[in-house]
Amino acid sequence: MSENSKAKKNSSMSWKYSNALESIEHISISPVYKLFIGGKFVNPISKKYFHSSNPANEKKLAKIALAGKSDVNKAVLAAKSAYDNIWEKIDPKERGKYLFRIARLIQEKSRELAIIESLDGGKPIRESRDIDIPLAAAHFFYYAGWADKLDYAFPGRKASSIGVAGQIIPWNFPLLMAAWKIAPALASGNTVVLKPAESTPLTALKLAEIIQEADLPAGVVNIITGDGTTGELLVNNPNVDKIAFTGSTKVGKMIINSLAATKKKYSLELGGKAANIICEDAAIDQAVEGIINSIFFNQGHVCCAGSRLYVQESISNQIISKLHSRMDHLILGDPLDKNTDIGAINSKAQLKRIKMYLDIGKKDGGEIYQSKHSIPKKGYWCAPTLFTDISQSHRIVQEEIFGPVLAIQSFRTIDEVIAKANNSPYGLSGGVWTDKGSKIFQVSKKIRAGVIWANTFNKFDPTSPFGGYKESGIGREGGLEGLSPYVNIVNRN
Amino acid sequence: MNTSLDIKKTYKLYIDGKFSRTESGRYIQWVDSKNNQTINFCHASRKDFRNAVQASRNAFNNWNNFSGYNRGQILYRIAEMLDSRKEQFISELILQGKSKKKSIQEVKQSIDRLVYYAGWSDKFQQIFSRVNPVSTPYYNFSSPEPTGVVSVIAPKNSYLLGFISVIVPAVVGGNTVVVLASEDNPLCAISFSEVLHSSDVPNGVINILSGYCNELAGHFSSHMDVNAVINCSSDLKDSELIRKNSSLNVKRVFDYESIDWTHVDSQDPYLIMDCQEVKTTWHPIGY
Amino acid sequence: MINPIMVYNNRIDQVGCSERVNRIFSRSIKTESKIWALYKILSMIDLTTLEGSDSPGKVKQLCYKASHLHDQYPKLPQVAAICVYPSMVSIAHKSLKSTNIKTASVATGFPSGMTNCKAKLDEVRYVIDEGAEEVDMVISRGHFLSGELNYVSDEIAQVKTACGKVKLKVILETGELNTLDNVRMASDLAMESGADFIKTSTGKISESATPTVVLTMLEAIRDYYNKTGKKIGMKPAGGISKSKLAIQYLVMVKETLGNDWLTPNLFRFGASSLANDVLMQIIKQNKGNYQSSNYFSLD
């Protein structure tokens with residue numbers, strides 16, 4: 001070790017990457033954003049506003065309208081009228097063409113959208129540029145094609161649209177989640193009132209501009225910004241026929257509760273605490289990279305993050321030491337730097353929550369490892385973190401942290417690790433790493449979760465259904481299955 | 001003259017493949033209005049339900065791992081057994097107030113329905129599975145898997161056909177069920193447990209209770225180890241309670257109250273899919 | 001003798017490996033860090049000529065170029081070595097006498113290695129006698145692919161013995177090994193058998209250094225270092241003619257092995273036309289305008 005450090009001193013100098021900031025000259029963010037209702041940006045009847053700010057430097061980005069009861073009602077009525085008068089009746093192939101248009105416009109504006117996504121949400125530009133925005137466009141492309149082919153999706157039965165879909169999306173993938181919600185809803189003939197997350201409304205509002213530019217009939221998509229109360233008003237609005245929600249399991253349960261006395265349909269994409277299982281016969285370096293992607297992608301603000309790592313005993317030390325050295329090469333900092341791997345935590349509140357779990361983990365006796373980064377003075381940051389010396393009963397193993405915090409345990413037998421993996425109220429996703437084909441099928445079959453990544457992690461595609469078992473949600477998004485939450489199967493009787 | 005006394009049968013619950021009395025010691029007296037004949041049923045309690053859920057949970061892993069072919073064989077076996085006892089069920093339906101013609105028709109349809117779903121056992125997965133053409137070098141496929149333990153409140157007014165129609169789609173898909181028989185006329189459902197018992201259905205896969213909906217609906221929907229509820233109660237209070245309670249562990253809730261089970265369109269694989277979860281698996285393509 | 005368990009125990013998933021490469025290659029290297037890299041790359045080049053038509057005159061020219069990369073820019077580093085065929089070693093050695101540039105020779109029946117072990121060892125001794133300071137050997141791919149790992153290992157070990165203190169670079173010819181699993185296995189085997197450097201390719205077949213192969217070899221070097229504390233060098237060769245790609249490889253080295261490996265002692269580029277592209281980039285960085293190859297000598 002001492003020789004090693006000497007060698008480091010002797011080497012002429014260590015190579016550090018210079019800043020590689022994405023230029024923000026050509027993007028436009030208005031100082032004020034109104035509500036997008038009936039095809040127009042309108043002042044909120046509530047007369048209330050809030051601010052959206054950049055979590056990397058705490059600077060305010062724009063003033064955003066806060067939709068109150070009358071605003072929500074107005075948006076829902078606009079959607080209802082568009083449904084009754086236009087969208088339900090329109091030739092399905094025309095519906096598809098509107099979606100294709102939106103997809104193209106997202107592609108054309110991809111750079112601007114990526115930058116705004118990173119400014120508003122703190123995620124590294126590499127991710128918003130290479131993942132969020134291209135996937136959002138791809139999602140519209142995929143569902144565009146379904147619009148006039150629904151008869152093939154539901155063999156033997158007819159699927160009909162539901163009506164007005166109230167959609168509430170989270171702050172971790174703002175534009176992508178908007179695409180996941182809007183595209184299948186429109187393709188299957190519903191109209192939409194979408195409420196983006198309070199801390200990340202900007203790209204959804206940019207999408208509203210795109211929708212305007214695409215000449216989508218007024219009222220087919222309405223985008224109303226606000227906080228939790230706005231969402232609640234949307235859920236409880238009597239003219240909404242269906243609720244689609246992505247967010248915490250806690251809020252998901254509240255939604256189920258408040259819909260109990262109604263006949264509204266709902267689909268929910270909720271929390272997770274995915275087990276990522278590394279067997280001793282895995283391709284080790286790819287597994288290490290997979291672990292990094294599973295938990296540090298988007299600062300760990302990912303419902304399907306592989307936040308519980310299970311490593312087979314014989315390779316446990318090796319994996320952990322490789323994780324340490326891989327983590328030391330992660331670059332934390334300005335989300336707009338093209339070399340940034342770890343951006344800012346999305347909000348002050350979320351950082352507080354993550355820190356609470358770090359304290360709990362330490363207090364409960366967990367051994368903590370954090371990669372060393374110089375943390376910027378302004379903004380909200382959390383260094384990538386590992387916990388070892390923990391067990392199933394630790395809170396950091398059981399509860400969703402939604403941050404870059406990985407809980408590592410070792411295991412000896414496959415049966416043992418499957419039991420541990422399923423020992424959770426969640427069931428959104430899971431990972432298994434082994435070079436042995438038959439083991440992959442066995443483990444992936446036995447994990448009770450909606451998405452299994454075998455020898456990979458955190459991969460997404462519009463054709464691939466995504467959604468959870470158990471308390472991780474109801475229904476699927478993406479793929480053919482993603483149409484089901486937006487249709488009624490008719491001619492049953 | 002040869003006289004022999006009628007044997008008064010006691011109708012028990014069917015839990016974990018055993019005919020058991022309710023732990024509560026309570027009973028329900030059912031009176032046939034025409035003949036003034038009385039029958040006693042167990043009045044199941046929440047603890048009976050709890051035991052049934054436990055049996056269902058234990059049976060689930062096993063049943064879920066049965067091949068579709070095997071599950072189909074067993075369902076077809078149930079149809080055979082029902083067919084061989086059809087006279088009994090016809091007379092039970094008549095006893096419960098149906099015309100002879102309608103009773104014969106209902107038993108026939110019930111057998112057909114079992115055969116219909118037996119045939120789906122190794123096919124619905126093919127209809128609802130797919131290989132998803134993702135744009136990265138991955139092999140990606142989705143296929144249905146059973147949701148888990150399903151609690152069922154059977155239709156009040158379709159004692160045999162409706163009862164079979166609501167449990168079989170869940171069971172053929174690999175779920176295990178706890179079902180509350182029609183509270184007004186539980187006879188056929190309870191007799192059906194004898195059919196099940198002679199049909200190689202593993203213990204705990206189908207558990208049948210007789211009792212009162214308003215007493216049990218809350219437990220059917222609040223038990224944290226139940227994954228889905230199929231509700232055929234027409235009582236709005238029951239429905240609301242079930243939906244409310246389902247939030248506790250995000251149960252899937254299906255309302256089949258309005259379905260006319262005598263209609264041939266009331267059977268379809270989408271009912272099987274209600275109690276299925278779609279699992280998507282990714283794997284790289286390379287060497 | 002190598003331990004077969006060690007050798008077989010490292011699997012590589014091709015898709016995962018290429019995703020890691022893509023992530024490494026998406027690093028954006030700008031301004032000072034780019035200039036630093038360009039200078040570093042020059043110092044890591046093994047300027048190579050391996051043609052049947054090589055003449056003493058051509059080798060002399062190359063040696064001159066090696067120490068006078070672009071005389072308008074006096075502070076440029078020299079390349080690391082000149083790499084030639086055995087019959088050209090003495091010429092190169094003499095031409096480089098007044099420099100720090102090393103003379104490297106290919107040997108062991110380069111490029112195919114299709115000769116017997118004795119002939120290979122004789123050739124190694126010959127090039128060292130002629131003045132070679134570094135030897136680039138090829139492994140017997142036929143034996144490797146037929147599973148005779150001990151044969152391959154013994155051969156490397158014997159060549160290393162023949163080399164003594166002379167630096168031994170072992171060419172795996174990864175384009176003939178077909179899979180990354182084999183690349184990894186051959187890397188482990190070469191290091192265990194005494195290689196000072198492992199090198200991707202001869203440049204004589206169509207597939208030369210690919211990014212996934214280089215990453216796999218760097219990871220093998222890292223694991224070997226963690227296990228033994230020995231630092232083995234790496235030399236990708238063939239197909240690296242643009243400075244952008246060379247910079248991406250430096251990123252790969254840095255993020256796999258750390259800054260310690262960013263030295264000609266542990267990392268080389270086997271290349272013939274890379275130097276000029278790097279020079280053009282350096283001058284572009286300094287002057288601000290794009291350059292033309294017409295202004296850079298062609299040796």
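Student: What is the area buried between chain A and chain C, and what share of it do carbon and sulfur atoms give?

Tutor: About 2900 Å² is buried between chain A and chain C, and carbon and sulfur atoms give 45% of it; buried area is the accessible area (1.4 Å probe) that two parts lose on being put together, summed over both. In chain A, the residues that lose the most area to chain C are A:Trp15, A:Tyr17 and A:Gln286, together 27% of what that side buries. This is a predicted model, in which local features need pLDDT of at least 70 and side-chain atom pairs pLDDT 80 or more, while totals for chains, interfaces and linings use all residues. Residues are numbered from 1 along each chain, chains are lettered from A and ligands numbered from 1 as written, and side-chain values use heavy atoms, without hydrogens and water.

Student: Why is the pair A:Asp285 and C:Arg184 called a salt bridge?

Tutor: The closest N and O atoms of A:Asp285 and C:Arg184 are 3.9 Å apart, and because a salt bridge needs a side-chain nitrogen of Lys or Arg within 4 Å of a carboxyl oxygen of Asp or Glu, the pair qualifies. Between chain A and chain C the count is eight salt bridges.

Student: What makes helix 2 of chain C roughly perpendicular to helix 10 of chain C?

Tutor: The axes of helix 2 (residues 14-25) and helix 10 (residues 211-228) of chain C, lines fitted to C-alpha atoms over the stretch in contact, come within 9 Å and cross at roughly 95 degrees. Because angles of 65 to 115 degrees count as roughly perpendicular, helix 2 of chain C is described that way relative to helix 10 of chain C.

Key: Axes are lines fitted to C-alpha atoms, for helices over the stretch in contact, and angles run from 0 to 180 degrees between N-to-C directions. Helices (H or I, at least four residues) and strands (E, at least two) are DSSP runs, numbered from the N terminus. Angles under 35 degrees count as roughly parallel, over 145 as roughly antiparallel, 65 to 115 as roughly perpendicular and the rest as oblique.
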